[in-house]
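Subject: Structure handover and notes

Dear colleague,

I am passing on the structure below, together with some notes on what was found in it. Please read the notes with the structure open beside them.

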Amino acid sequence: MMRTRVLSTRVLLTCAAIGVVTGLFGGIAGWLTPFVIISAPFVYGLVLGVHVLPGIIAQEAIRLPWVALMTHVMAALVASALAPQWAFRFLGTALLFGGIQEAVAALTRYRVWAPWRFFISAVIIGILVAVIVAFAAHMTSLAPWAQIAYITISILGPVLWTAGGLWIGAGLRRAGVTRS
């Protein structure tokens, strides 16, 4: 029996395609970030949550180790081309989010692909986003209702984007964009 290589051309090209499309979303999010932080900083978690898409779509479609991290890095490179002022943040976010998604998958030994597993990584990412951005953006200066909205949206943002990513990834699997 021939074992499929993890880094086959098909897998790399699929990760690249997903990375390009999701990187476009990341680049747009990068340009929206200053406007969101100035006008409604409590919804920033929803904007930042778009960065869960590369790994979620790749893992749902391909279901192999390392595809989340590879796709995140590719998406970060595309997003950096569109919004170069955020290049290091895109790469850092890719490593953090992709690493969390890979860690959760590794805990199940890459054998469990049920939606709950993806949502665990989304909640972890949401909590991290809520804590990190709260310190960086001085969320304590906001009204109490805005602080509560911020925490809620920061956790729900990645969860909502994960749901969308699972839907897209499942569609790609049904279309045959997966290992044979």
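Which elements cover the buried residues of α3? The cover includes α1, α4, α5, α6 (115-136) and α7 (144-174), where helices (H or I, at least four residues) and strands (E, at least two) are DSSP runs numbered from the N terminus.

Before going further, please note that this is a predicted model, in which local features need pLDDT of at least 70 and side-chain atom pairs count only at pLDDT 80 or more, while totals for chains, interfaces and linings use all residues. Residues are numbered from 1 along each chain as its sequence is written, and side-chain values use heavy atoms, with hydrogens and water left out.

The enclosed helix and the residue after it

Helix α3 (residues 53-62) is largely enclosed by the rest of the structure, because 10 of its 10 residues are buried; here buried means under 20% relative accessible area, exposed over 50%, and partly exposed in between, with a 1.4 Å probe and protein chains only. The buried residues of α3 include L53, P54, Q59 and E60. E60 itself has a relative accessible area of 8%, and its side chain meets that of R63 in a salt bridge, with 3.1 Å from N to O. The count of salt bridges comes to one, a salt bridge being a side-chain nitrogen of Lys or Arg within 4 Å of a carboxyl oxygen of Asp or Glu.

R63 lies in the loop between α3 and α4 and counts as partly exposed, at 22% relative accessibility. Just after α3, R63 takes a positive phi of about 60°, although R63 is not a glycine. Most residues other than glycine have a negative phi. R109 is another residue other than glycine with a positive phi, near 55°; R109 lies in the loop between α5 and α6 and, at 58% relative accessibility, counts as exposed.

Cavities and the pocket

A search of the whole structure finds two cavities of 30 Å³ or more, and about 100 Å³ of space lies in the largest cavity. Of the 14 residues that line the largest cavity, the closest to its centre are H51, P54, H72, A75 and A76. On a 1 Å grid over the protein atoms alone, a cavity is a set of points where a 1.4 Å probe fits but cannot get out, whereas a pocket is an open set with protein on both sides within 12 Å along at least five of seven lines, and lining residues have an atom within 4 Å of a point. Grid points are joined across faces, edges and corners, and a volume is the space filled by probe spheres set on the points.

The lining of the largest cavity draws at least two residues from each of α1 (9-39), α4 (67-82) and α5, and by class it has eight nonpolar, six polar and no charged residues. In this classification Ala, Val, Leu, Ile, Met, Phe, Trp, Tyr, Cys and Pro count as nonpolar, Asp, Glu, Lys and Arg as charged, and the others, Gly among them, as polar.

A75, one of the residues closest to the centre of the largest cavity, lies in helix α4 and is buried, at 5% relative accessibility. Leaving aside neighbours within four places in sequence, A75 is in contact (heavy atoms within 4.5 Å) with G19, T22, G23 and P54.

The largest pocket has a volume of about 450 Å³. Of the 22 residues that line the largest pocket, the closest to its centre are Y44, L48, R89, T93 and V133. Each of α1, α2 (44-48), α5 and α6 supplies at least two residues of this lining, which by class has 16 nonpolar, five polar and one charged residues.

I100 has its place in helix α5 (residues 87-107) and is buried, at 13% relative accessibility. Not counting residues up to four places away in sequence, I100 touches S121, I124, I125 and L128. I100 and I125 are 25 residues apart in sequence and 7.4 Å apart in space, C-alpha to C-alpha.

With best wishes
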